[in-house]
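Take a look at the model below.

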Amino acid sequence: MRKNIVAGNWKMNKTLEEGIKLAEAVDKLVSQGTPENTDVIIAPPFIHLAELAKRIDTGKVKLSAQNCAAEAAGAYTGEVSPAMVRSTGAEYVIIGHSERRQYYGETDAILKKKTELALENDLTPIFCCGEVLEERNAKQHFEVVKTQISDALFLLSEEEFGKIIIAYEPVWAIGTGVTATPEQAQEMHAYIRSLVNKRYGKQIAEDITILYGGSCKPSNAGELFSNPDVDGGLIGGASLKADDFYAIIRSF
Ligand code: PGA
């Protein structure tokens with residue numbers, strides 16, 4: 001059955017001490033209760049993962065990395081492998097965030113490798129896709145998202161693909177305060193589900209969780225999440241405040 005998910009992407013914010021405080025605050029709020037069938041995930045920086053795994057109830061607040069290496073091990077200075085991420089207790093990894101694509105040159109080919117390696121190491125990929133403003137204005141947004149998803153994911157087996165979470169994040173909405181309208185989000189999510197249906201069939205398309213990301217906050221989350229194909233959110237800025245993040249979780 002399809003899961004609702006609210007995931008917090010902390011990006012490059014919070015020292016370890018600050019991160020512990022935020023994660024413990026989220027943990028405390030979440031222990032007061034969450035809507036049925038809704039998973040909560042936080043994605044702090046790599047260096048926080050092992051410590052947070054000891055301090056929070058990871059049965060209720062699950063841990064994700066924000067990235068992982070495209071190689072399994074070896075001479076790749078500064079990189080963190082999927083196996084290392086998994087060994088901290090993290091269960092998820094964000095792959096292909098637009099900031100990784102834009103600032104670190106991550107291509108669909110690289111993201112395909114990362115996704116496969118993450119799956120091999122028992123991590124659930126949260127795969128990000130989305131168009132930039134010029135592409136939307138040129139009405140290329142469906143084509144762009146189709147290419148991102150099919151090039152990186154559509155060679156996976158049914159069993160592998162069944163584990164993927166997709167996050168649609170229009171780049172023009174990330175950190176800008178401009179949110180996609182509920183209609184724009186629903187339209188793209190339904191399109192993504194139709195692509196999955198064509199490639200993997202009805203059951204997998206029905207079951208896959210598709211998150212919306214981009215300036216999602218307590219005041220607009222309810223309206224976004226009430227769309228039939230929007231199964232939650234990947235939250236940046238608003239995940240840095242425990243109360244706001246919890247309000248978003250409760251808005252289902
Ligand atoms: P934002 O970021 O909520 O701050 O717009 C979302 C994201 O990049 O995942």
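Tyr 168 has Tyr 212, in strand S7, as its bridge partner. Strands here (E, at least two residues) and helices (H or I, at least four) are DSSP runs, numbered from the N terminus. Strand S7 covers residues 210-213, and S6 pairs with S7 in the parallel sense over 3 bridges. Two strands count as paired if DSSP finds at least two bridges between them.

A word on the source. This is a predicted model: local features need pLDDT of at least 70, side-chain atom pairs count only at pLDDT 80 or more, and totals for chains, interfaces and linings use all residues. Residues are numbered from 1 along each chain as its sequence is written, and side-chain values use heavy atoms, with hydrogens and water left out.

Back to S6. Which way do its side chains point? Ile 165 and Ala 167 point one way from strand S6 (residues 165-168), Ile 166 and Tyr 168 point the other way, and all are buried. Buried means under 20% relative accessible area, exposed means over 50%, and partly exposed lies in between (1.4 Å probe, protein chains only). In a regular strand, side chains alternate between the two faces of the sheet.

S6 also pairs with strand S5 (residues 124-129), in the parallel sense over 4 bridges. Here Tyr 168 of S6 is the bridge partner of Cys 129. Of the 6 residues of S5, 5 are buried, so S5 is largely enclosed by the rest of the structure. S5 pairs with strand S4 (residues 92-95) too, in the parallel sense over 4 bridges. In that pairing, Tyr 92 stands opposite Thr 124 of S5.

Now step back along the chain from S5. Asp 122 is found in the loop between helix H5 (108-120) and S5. What is the phi of Asp 122? Near 65°, a positive value in a residue other than glycine. Most residues other than glycine have a negative phi. Asp 122 counts as exposed, at 54% relative accessibility.

Lys 14 also has a positive phi, near 80°, and is a residue other than glycine. Lys 14 lies in the loop between strand S1 (4-9) and helix H1 (16-30). Is Lys 14 buried or partly exposed? Lys 14 is partly exposed, with a relative accessible area of 31%.

Next, a lysine in a helix. Lys 54 is found in helix H2 (residues 49-55). Lys 54 is exposed, with a relative accessible area of 66%. Gly 89 is 35 residues away from Lys 54 along the chain, yet their C-alpha atoms are separated by 8.8 Å.

Finally, the whole chain. How many helices and strands are there? The protein chain has 12 helices and 8 strands. Its radius of gyration is 17 Å, close to the 18 Å that the globule rule gives for 252 residues, so the chain is as compact as a globular protein of that length. That radius is taken over C-alpha atoms, and the rule is 2.2 Å times the number of residues to the power 0.38. The C-alpha trace spans about 45 × 45 × 35 Å along its principal axes. Buried residues make up 52% of the 252 residues. Among contacts (heavy atoms within 4.5 Å) between residues at least 6 apart in sequence, 71% join residues at least 24 apart.
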